[in-house]
Amino acid sequence: MNPVRAGMMTHPGDYPWSSYRANGRGNADGLIVPHELYQNLGRTNEERQATYWQLCQAQLTNADVAAIRNATNKGWGWAIAAFARRWRHSRSDGQCRCHETGRNVRGKLN
């Protein structure tokens, strides 16, 4: 969504170097190898594409974008607080391997 946020495009699929056409529309691209997280978005190609499209529709705040970029630059995981709480409570070993700071969660999310 960076080209859309920057006002360069109105749709992520319009950007020539975007993976959206492969992930969101199912267009074959020899340069795109589906990531495991993408594969987990659904059981079929159609389900994955629909879920990916929904993720692209999510409106992130400027603060969220800044937090994601900061986490990426530092090699941290990032998630909204609600996801982090659900993730922590679902761990079978009961261990929390992250800590919450405002809306971000920093640390390993595995």
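Biologist: Which residues of H5 are buried in this predicted model?

Modeller: In helix H5, the buried residues are Asp64, Val65, Ala67 and Ala71. Buried here stands for under 20% relative accessible area.

Biologist: What puts them on the same side of H5?

Modeller: The arc does. Around the axis they cover only 165°, so they lie on the same side of H5. Asn62 and Asn73 are exposed, and they sit on the other side of H5.

Biologist: How do you know what span to expect for H5?

Modeller: Helix H5 covers residues 62-74, which is 13 residues, and 18 Å is expected at 1.5 Å a residue. From its first C-alpha to its last, H5 reaches 18 Å, close to that value. Just after H5 comes glycine 75, with a positive phi of about 75°.

Biologist: Now to another helix. Why is glutamine 49 called buried?

Modeller: The cut-off for buried is under 20% relative accessible area. Glutamine 49 has 18% relative accessibility, so it counts as buried. You will find glutamine 49 in helix H4, residues 45-57. Leaving aside residues up to four places away in sequence, glutamine 49 touches Asn23, Gly24, Arg25, Gly26 and Tyr38.

Biologist: Which residues of H4 are buried, and how do you know where they lie around the axis?

Modeller: Arg48, Gln49, Tyr52 and Cys56 are the buried residues of H4. Their arc around the axis is only 95°, which puts them on the same side of H4. These buried residues pack against H2 and H3. Glu46 and Gln54 are exposed, on the face of H4 turned away from its buried side.

Biologist: Which helices supply the lining of the second largest pocket?

Modeller: Helix H2 (20-25), helix H3 (36-39) and H4 each supply at least two residues of that lining. H4 gives the most, with three residues. The lining has 13 residues, and Ala22, Gly26, Pro34, Tyr38 and Asn45 lie nearest the centre of the pocket. About 170 Å³ of space lies in this pocket.

Biologist: How confident is the prediction, and where is the pLDDT below 50?

Modeller: The protein has a mean pLDDT of 78, with 71% of its residues at 70 or more. The pLDDT is below 50 over residues 97-110, a stretch with 44 contacts in the model beyond near neighbours in sequence. Where pLDDT is low, the predicted coordinates should not be read in detail.

How values were computed:
Residues numbered from 1 in each chain as written. Predicted model: local features only at pLDDT ≥ 70, side-chain atom pairs only at ≥ 80, totals over all residues. Heavy atoms only, no water. pLDDT = per-residue confidence, 0-100. Contact = heavy atoms within 4.5 Å. Helix = DSSP H or I, 4+ residues; strand = E, 2+ residues; numbered from the N terminus. Buried < 20%, exposed > 50% of the residue type's maximum accessible area, 1.4 Å probe, protein only. Expected span 1.5 Å × (residues − 1). Arc of directions from axis to C-beta. 1 Å grid on protein atoms, 1.4 Å probe; cavity = no way out; pocket = protein on both sides within 12 Å on 5 of 7 lines; lining within 4 Å. Points joined across faces, edges and corners; volume = space filled by probe spheres on them.
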